[in-house]
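Subject: Structure handover

Hello,

Here is the structure I promised to pass on. Please open it first, then read my notes below.

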Amino acid sequence: METAVETESKLKIADKVFSSRLIVGTGKYASFEQNRQALEISGAEMVTVAVRRIELDKTKESILNYIDPEKYTLLPNTAGCYSVKETVMTAQLAREAGLGNFVKVEVIGDEKTLFPDNEATLEASKLLVKDGFHVLPYCSDDVVLCKKLEDIGCSAVMPLAAPIGSGLGIRNPYNLKLILEAVTVPVIVDAGVGTASDASRAMELGVDGLLMNTAIAGAKDPLKMAQAMKLAVQSGRLAYEAGRIPKKLYATASSPIDGLIDL
Amino acid sequence: MQLVINGQEKDMQSSGTITQMLKELDITDSHIAVALNFQVVPRSNYDQTPLNEGDKVEIVHAVGGG
């Protein structure tokens with residue numbers, strides 16, 4: 001009899017179910033084609049894009065030609081916004097541009113760290129929820145804030161693990177655990193992951209998903225890293241669902257003590 | 001007619017609607033959005049939205065981002 005392959009449970013955000021718990025960005029790739037391949041290899045089903053001015057007098061190919069709308073749910077972001085007004089307008093422009101109803105609210109409060117302006121994030125999220133968006137806010141790893149974001153109707157919360165693009169990994173697993181305990185919406189770690197073990201570690205904590213861009217796009221070989229991240233997210237989630245053994249100071253033999261040969 | 005489009009001053013031949021402006025700029029991509037004087041214009045209103053001298057127009061689309 002064949003044994004079924006174990007798979008991790010699915011991720012539900014708002015009204016959508018995703019088989020992959022990895023959400024990937026589309027910035028910083030060498031080409032649209034490399035980007036397309038990395039998306040495919042990563043197995044992600046949700047993909048972030050940014051909203052920017054069209055460059056006039058230039059015929060530019062659209063990134064959307066490389067993101068199959070049948071396969072991927074778009075998650076337009078409001079990256080680069082520093083105020084509630086800019087954020088709300090960027091989200092509305094994204095929806096009007098046909099990028100869908102999901103939005104990653106990102107209101108930056110500090111240029112150097114790219115840390116979010118949490119007060120403005122809460123305010124912009126509130127307005128966009130009222131306007132019918134599925135709001136996924138990028139926010140600090142603060143349990144009180146995440147609870148407030150859930151209470152105003154956000155579809156998920158996306159605390160950072162470390163500064164955007166820093167690759168520093170999971171800096172405060174305890175805060176992530178507190179957030180996981182406090183909210184019922186999905187907790188998606190957004191930003192800070194550097195390599196596969198960071199992704200696994202986050203998933204082993206029980207977070208529902210992981211959003212990354214630079215860790216894949218900035219790797220020497222983005223396609224190999226896309227594969228590594230896919231596996232890391234899967235294995236981390238599986239380990240979480242499997243339930244790890246408790247840590248102990250001393251050894252416990254794996255082989256039976258009884259029946260040893262007597263020499 | 002002078003418009004400020006994406007921060008650039010532009011002399012437009014057509015003095016009409018958003019639809020006519022997009023045509024003159026040769027923007028055919030359907031995945032774009034337009035804001036007129038900081039108000040998002042619904043796509044269905046492009047035909048009926050008149051432009052006036054000095055209007056500030058933003059035309060945006062999706063680009064790579066995280």
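Buried area is the accessible area, taken with a 1.4 Å probe, that two parts lose on being put together, summed over both. Please keep in mind that this is a predicted model.

**The interface**

Chain B and chain A bury about 2,300 Å² between them. Of that area, 63% is on carbon and sulfur atoms. B:His61, B:Ala62 and B:Gly66 supply 24% of the area that chain B buries against chain A. That is more than any other three residues. In terms of contacts, 28 residues of chain B meet 27 residues of chain A.

The rule finds 12 residue pairs in polar contact across the interface of chain B and chain A, both residues being at pLDDT 80 or more. Which elements of chain B give two or more residues to the side that touches chain A? They are strand 2 (8-11), strand 3 (32-36), strand 4 (39-41) and strand 5 (56-64). The largest share, 7 residues, comes from strand 5 of chain B. By class, the side of chain B that touches chain A has 15 nonpolar, 9 polar and 4 charged residues.

Strand 5 of chain B also pairs with strand 4 (residues 46-53) of chain A. The sense is antiparallel, over 5 bridges. In this pairing, A:Val51 stands opposite B:Ala62.

B:His61 is in strand 5 of chain B too. Is B:His61 buried or exposed? It counts as buried, because its relative accessibility is 11% and the cut-off for buried is under 20%. Leaving aside residues up to four places away in sequence, B:His61 touches A:Ala50, A:Val51, A:Arg52, A:Arg53 and A:Ile54 in chain A. Within chain B, B:His61 touches B:His31 and B:Ile32.

**Salt bridges**

A search of the whole structure finds 9 salt bridges over all chains. The count between chain B and chain A is 1. B:Glu58 forms a salt bridge with A:Arg53, with the closest N and O atoms 2.7 Å apart. A:Arg53 is partly exposed, with a relative accessible area of 41%.

A:Arg36 takes part in two that I would look at together. One is with A:Glu33, the closest N and O atoms being 2.8 Å apart. A:Arg36 and A:Glu33 are 3 residues apart in helix 1 (residues 32-42) of chain A, so about one helical turn separates them. The other is with A:Glu40, at 3.0 Å between the closest N and O atoms. A:Arg36 and A:Glu40 both lie in helix 1 of chain A, 4 residues apart, again about one turn of the helix.

A:Arg36 is partly exposed, with a relative accessible area of 29%. A:Glu33 is partly exposed at 31%. A:Glu40 is partly exposed at 45%. Salt bridges that share partners join A:Glu33, A:Arg36 and A:Glu40 into one network.

**Inside chain A**

Strand 6 and strand 7 (residues 134-139) run parallel, joined by 4 bridges. A:Val103 has A:Val135 in strand 7 as its bridge partner.

Helix 6 (residues 196-205) of chain A has these buried residues: A:Asp198, A:Ala199, A:Ser200, A:Ala202, A:Met203 and A:Leu205. They pack against helix 5 (173-182), strand 10 (209-212) and helix 8 (222-242) of chain A. Just after helix 6, A:Gly206 takes a positive phi of about 105 degrees.

**Backbone points in chain B**

Most residues other than glycine have a negative phi. B:Asn6 has a positive phi, near 50 degrees. B:Asn6 lies in the loop between strand 1 (2-5) and strand 2 of chain B. It counts as buried, at 7% relative accessibility.

B:Asp26 also has a positive phi, of about 60 degrees. Its place is the loop between helix 1 (18-24) and strand 3 of chain B. B:Asp26 is exposed, with a relative accessible area of 58%.

Best wishes

How values were computed: Residues are numbered from 1 along each chain as its sequence is written. Chains are lettered from A and ligands numbered from 1 in the order in which they are written. This is a predicted model: local features need pLDDT of at least 70, side-chain atom pairs count only at pLDDT 80 or more; totals for chains, interfaces and linings use all residues. Side-chain values use heavy atoms; hydrogens and water are left out. Contact means heavy atoms within 4.5 Å. A salt bridge is a side-chain nitrogen of Lys or Arg within 4 Å of a carboxyl oxygen of Asp or Glu. A polar contact is a pair of N or O atoms within 3.5 Å; within protein, one must be able to donate a hydrogen and the other to accept it, and residues adjacent in sequence count only if both atoms are side-chain atoms. Ala, Val, Leu, Ile, Met, Phe, Trp, Tyr, Cys and Pro count as nonpolar, Asp, Glu, Lys and Arg as charged, and the others, Gly among them, as polar. Two strands pair if DSSP finds at least two bridges between them. Buried means under 20% relative accessible area, exposed over 50%, partly exposed in between (1.4 Å probe, protein chains only).
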